[in-house]
Amino acid sequence: MFQQRHNSIEEIAGGTVTIERCIPDFNDLCWQTFTLLTNGLTVAHPGADHEIIQSFRQIFSRGCGFQPGTIYANPSGIVRSSDSDRKFILCARQLQKEWFHLINAEFASAGRVRRSMRTVDPLVKQLTFTGVMFINNRHIFQNRWPDCTIPRHQKKTKRQI
């Protein structure tokens with residue numbers, strides 16, 4: 001099991017977004033993210049990564065009844081929100097960025113992390129490396145996250161007469 005870094009939880013924008021940070025257990029990153037996602041459920045550690053994937057699919061299937069809401073989790077913490085607004089996405093990206101810095105340091109290079117990600121199942125990749133996002137109880141794959149970038153002002157073009 002993992003240890004929490006501190007008991008306080010950051011609240012952003014009047015309580016709509018909360019961030020809880022943890023100390024990652026580098027011996028079992030996949031399971032740590034899974035337990036953060038299933039907060040409140042009593043789930044026995046199934047064992048190997050492929051068994052964690054089966055448990056993930058079983059618990060988070062549409063007919064199961066468990067509703068995670070709007071959350072993002074990786075081994076270093078979890079972001080919860082009542083809305084899937086821009087603030088939530090920005091906080092999730094920030095936690096993901098912090099996790100990338102931490103895991104890159106642990107693996108001694110970003111290249112080693114990328115090579116490790118190539119060899120695992122896409123769901124294990126999310127649970128271990130990139131993080132898992134749910135918006136309104138629906139699992140969102142990394143390449144389908146909502147865009148929260150600030151649109152740049154378009155250059156003014158000369159009027160054509």
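There are zero disulfides in this structure, a disulfide here being a pair of cysteine sulfur atoms within 2.5 Å. In general, a disulfide is a covalent bond between the sulfur atoms of two cysteines. Cys 30 counts as buried because its relative accessibility is 3%, and Cys 91 counts as buried at 12%. For the record, buried means under 20% relative accessible area, exposed means over 50%, and partly exposed is in between (1.4 Å probe, protein chains only).

A word on what you're looking at. This is a predicted model, where local features need pLDDT of at least 70 and side-chain atom pairs count only at pLDDT 80 or more, while totals for chains, interfaces and linings use all residues. Residues are numbered from 1 along each chain as its sequence is written, and side-chain values use heavy atoms, with hydrogens and water left out.

So how confident is the predictor? The mean pLDDT of the protein is 76, and 74% of its residues reach 70 or more; pLDDT is the predictor's confidence in each residue, from 0 to 100. Contact means heavy atoms within 4.5 Å.

Now the overall layout. The protein has five helices and seven strands, taken as DSSP runs numbered from the N terminus (helices are H or I, at least four residues; strands are E, at least two). Starting at the N terminus, the order is β-β-β-α-α-β-β-α-α-α-β-β. Of the 161 residues in the protein, 39% are buried. Take the contacts between residues at least 6 apart in sequence, and 57% of them join residues at least 24 apart. The accessible surface comes to about 10,200 Å², with 49% of that belonging to carbon and sulfur atoms; these areas come from the Shrake-Rupley method with a 1.4 Å probe, and for residues only the protein chains shown count as cover.

Let's go to the aromatics. Searching the whole structure turns up seven aromatic pairs. Rings of Phe, Tyr and Trp (its six-membered ring) pair if their centres lie within 6.5 Å, and planes under 30 degrees apart count as stacked, over 60 as edge-to-face and the rest as tilted. Trp 31 and Phe 34 make a stacked pair, at 5.1 Å centre to centre and 25° between the planes. These two residues are separated by about one helical turn, because they sit three residues apart in helix α1 (residues 29–37). Both Trp 31 and Phe 34 are buried. Phe 56 and Phe 60 have ring centres 4.7 Å apart and planes at 50°, so that pair is tilted. Phe 56 and Phe 60 are buried too. Ring pairs tie Trp 31, Phe 34, Phe 56, Phe 60 and Phe 134 into a cluster.

Phe 56 leads us into helix α2 (residues 49–59), where the buried residues are Ile 52, Ile 53, Ser 55, Phe 56 and Ile 59. Looking down the axis of α2, these buried residues fall within an arc of 165°, so they line one face of the helix. That arc is the one made by the directions from the helix axis to the C-beta atoms. On the other side of α2, you'll find His 50, Gln 54, Arg 57 and Gln 58 exposed. What covers the buried residues of α2? The cover includes α1, α5 (122–130), β6 (132–135) and β7 (138–140). Ser 55 counts as buried at 14% relative accessibility. Leaving out residues up to four places away in sequence, Ser 55 touches Phe 34 and Pro 46.

His 45 is partly exposed, with a relative accessible area of 37%. Beyond its neighbours within four places in sequence, His 45 is in contact with Asp 28, Trp 31 and Ile 52. His 45 and Thr 35 are ten residues apart in sequence and 9.1 Å apart in space, C-alpha to C-alpha.

Finally, α5, one of the elements covering α2. Helix α5 is itself mostly covered, with seven of its nine residues buried: Leu 123, Val 124, Gln 126, Leu 127, Thr 128, Phe 129 and Thr 130. Just after α5 comes Gly 131, with a positive phi of about 100°.
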